[in-house]
Amino acid sequence: MVTRRSWIGWQFTGPFLAVFALVFLAPIGYSAYLSVFRTKLVGGTGFVGMENYTKTFSDPQFWEGVSRVAIFLAVQVPIMLGLALLVALAIDSGRLYGTGFFRVSIFLPYAVPAVVATLMCGFLYGIRFGLVGSLNEGLGLNIPDPLAPDWILTTIGNIVTWEFVGYNMLILYSGLRVVDTALYEAAAIDGAGQFRIIRAIKLPALRGPLVVATIFSIIGSFQLFTEPQILKSIAPNAITTYFTPNVYTYQLSFTGQQVNYSATIALVMGVATMIVAYLFQRRSLKGVD
Amino acid sequence: MSITRRRALLGAALSITLLAAGCGGSDEPGAATATAGASEADVKAALEAGGELTVWAWDSTIEPVAAEFMKKYPGVKVKVVNAGTNKDEYLALQNAVQAGSGVPDVVQLEYYALPQFVLSKTAADLTAFGAGSLESAFTPGTWNAVRSGGKGVYGLPIDSGPMALFYNKEVFDKHGIAIPKTWEEYAAAAEKLHQADPKAYITADAGEAGFTTSLIWQAGGKPYTVNGTDVTVNLADAGSQRFTGVWQGMLDKKLLSPVVSWTDEWFKGLSDGTIASLVIGAWMPSNLESGAAAAKGKWRVAPMPQWESGGKAAAENGGSSLAITEAGTKKALAYGFLKYIAVDEGAQSRVDKGAFPATTKELNAAAFKGKEFPYFGGQKVNEVLAESAAQVVPGWNYLPFQVYANSIYGDTVGKAYLGQGNLTDGLKAWQDASVKYGQEQGFTVK
């Protein structure tokens, strides 16, 4: 008996696979192709093999950008997620008036485009005409220039935190909403206080959402681009053209016409981000379903 | 005039005796266009036959003058597109050339960016159309800028930016500051002003590559030499040292406002007198009129401060040309348009609309020189600016990758403007980074 192969599965996944190949695999493949060539202003294009890759790993500007986003990841992400967790728990506690208002207003910054948010903050942080300048002058304070090289990363962290606390809060809050309320009742009957409930019920329930939020944040940190790129126009000397790996790739391809090298760095960073995110996910979800 | 135009003119300036060999030793300059069957007669025929042209330009006077052109040649349809201002346009152009489609027929290129596009064979040689005979029509500085090693003509100049000292007379008078004749006097005036009014600065400089190179140019420096693909970079020559000497002193005493040029804060400072002067290109008047309207009647123009007392040296800052793309199929027609805009009726028409001319005829016209500017208290500003145009120090070169080099100025020299490190070390770092890039791009750089 001849079995007719069923194409139904392919018919279902086909549209997805076609789009996936077009918008995901093809660009990556093209980047990989670009990364083994080098185009010069004088002498044209030539095959260079792995040269762009060895250059990447010995490029101090690349490493400076990488270590900057690593510091950013280590400091900003815990602060942001801590705040988001706090807010999510507070809103979920049921002891707050106007939770709907808080939820929306904390989430609102996420709806502001990063470009606009950065420009707004740029005005606030202005040492001469901005809010910081006014505070220093009006109250006799001595706040250091937030746009000076020593402070600029903190400033960017501040902007990013403002933008994304609400977003992460929403992920965590929705994690809390699916907890069976019977558990809280049972805990209350057993005499557990709010903090006990948080520790024993809510936090364990949030493990999954926290991992998801952290992975998004890891990816976001590695891809840090918009904020430094916009701030560069008002703090040109504090933000270099290789401030973060993404800023660097942008500079390389659009100003330096080094598309091949740029593609190489983009690939390396993409793979690095994937590895870090994967390792984190594996470690932190060990033992969960 | 819009902000975009101001930004456009920003940047660096003129004069490039560049890259003959950059265009490839085997290529006879003009050969490509000549084989396309181009001559002056063809241009005339093309204008009569008509056709459609796409022009990329951000200069606000191009579009109205293109309309006048179309009135004269009804068969020709010119589409003027603002494809972005300076760097944005260059990016779009590079992409279009790379993609091989959507390349305009005519494109606006600043003088400092032109060599890069000559090198990549984006800008066509116009010699075959008789562009060589136009030499006497233009100022030497701008003509030098559109030549390539004296062999080709890769664009026609449409404006120029000889520098002058723009100053707020009210602020100067209030603090008893005389017009500085030398840079030492300028630095002394800076100190006097800032001491009298701690909020006021003589000028703002947050670190701008185009300004630095222009001052080095005026000081007689030749940091860049270009001979085909042999390039040298020396940002420690005598001219550069003159610049760092004066400028470092002012930075050390915090006499320069760190406000970034062309920002709202900058225009605010120019309006309220906290930025009391600018040494900048001749295209500035209309920008002050629109950007710092509140200061009407307070500003005046004087010659650039000198490096030697009694000297008469000037430099260029900004300025653009119109070039014809190699990929364009209607080169003869495009040249007809170029000539109209840059030399014929269009030149005067554009001056009337606020452009600072690159043509000697318009520059020396009595009506041009005698024009009184109400914004400048009735001063005949163009007299000063035209004088500066005649005093531009000859022999300046930009790098064939100046667009990139300028983009990394902040990375290398920037720290010096924040009081960390000094200009001399910064310029050295800028030099090293430029050399490294040049070598990676296949130039022989020393």
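# A tour of chains A and B

Select Asp59(B) and Arg350(B): they form a salt bridge, the closest N and O atoms being 3.1 Å apart. A salt bridge here is a side-chain nitrogen of Lys or Arg within 4 Å of a carboxyl oxygen of Asp or Glu. The pair links distant parts of the chain, with Asp59(B) in the loop between β1 (51-56) and α4 (62-72) of chain B and Arg350(B) in helix α15 of chain B, 291 residues apart. Helices (H or I, at least four residues) and strands (E, at least two) are DSSP runs, numbered from the N terminus. Both Asp59(B) and Arg350(B) are buried; buried means under 20% relative accessible area, exposed over 50%, and partly exposed in between (1.4 Å probe, protein chains only).

The model is predicted: local features need pLDDT of at least 70 and side-chain atom pairs count only at pLDDT 80 or more, while totals for chains, interfaces and linings use all residues. Residues are numbered from 1 along each chain as its sequence is written, chains are lettered from A and ligands numbered from 1 in the order in which they are written, and side-chain values use heavy atoms, with hydrogens and water left out.

**Helix α15 of chain B**

Next, select Glu345(B), which is placed in helix α15 (residues 345-352) of chain B. Glu345(B) is partly exposed because its relative accessible area is 37%. Its side chain is joined to that of Lys72(B) by a polar contact of 2.5 Å. A polar contact is a pair of N or O atoms within 3.5 Å; within protein, one must be able to donate a hydrogen and the other to accept it, and residues adjacent in sequence count only if both atoms are side-chain atoms.

**Arg242(B) and Glu308(B)**

Move to Arg242(B), whose side chain meets that of Glu308(B) in a salt bridge (2.7 Å, N to O). This pair also links distant parts of the chain: Arg242(B) is in helix α11 (residues 238-252) of chain B, and Glu308(B) is in the loop between β13 (299-302) and β14 (320-324) of chain B, 66 residues apart.

**Helix α22 of chain B**

Select α22(B), which has 18 residues and reaches 25 Å from its first C-alpha to its last, close to the 26 Å expected at 1.5 Å a residue; the expected span is 1.5 Å times one less than the number of residues. At the N-terminal end, Asn422(B) caps the helix, a side-chain oxygen lying 3.1 Å from the backbone nitrogen of Thr424(B). Buried residues of α22(B) include Leu427(B), Trp430(B) and Tyr437(B). Asp432(B) and Lys428(B), four residues apart in this helix, about one turn, meet in a salt bridge (2.9 Å, N to O). After α22(B) comes Gly442(B), whose phi is positive, near 95 degrees.

**The interface with chain A**

Now show both chains. Contact (heavy atoms within 4.5 Å) involves 30 residues of chain B and 23 residues of chain A. The area buried between the chains is about 2,500 Å², of which carbon and sulfur atoms give 52%. Buried area is the accessible area (1.4 Å probe) that two parts lose on being put together, summed over both.

Select Glu440(B) and Lys55(A), which form a salt bridge with the closest N and O atoms 3.4 Å apart. Lys55(A), Lys436(B) and Glu440(B) are linked in a network of salt bridges.

Finally, select Gln251(A) in helix α11 (residues 245-254) of chain A. Gln251(A) counts as buried because its relative accessible area is 8%. A polar contact of 2.9 Å joins the side chains of Gln251(A) and Ser407(B).
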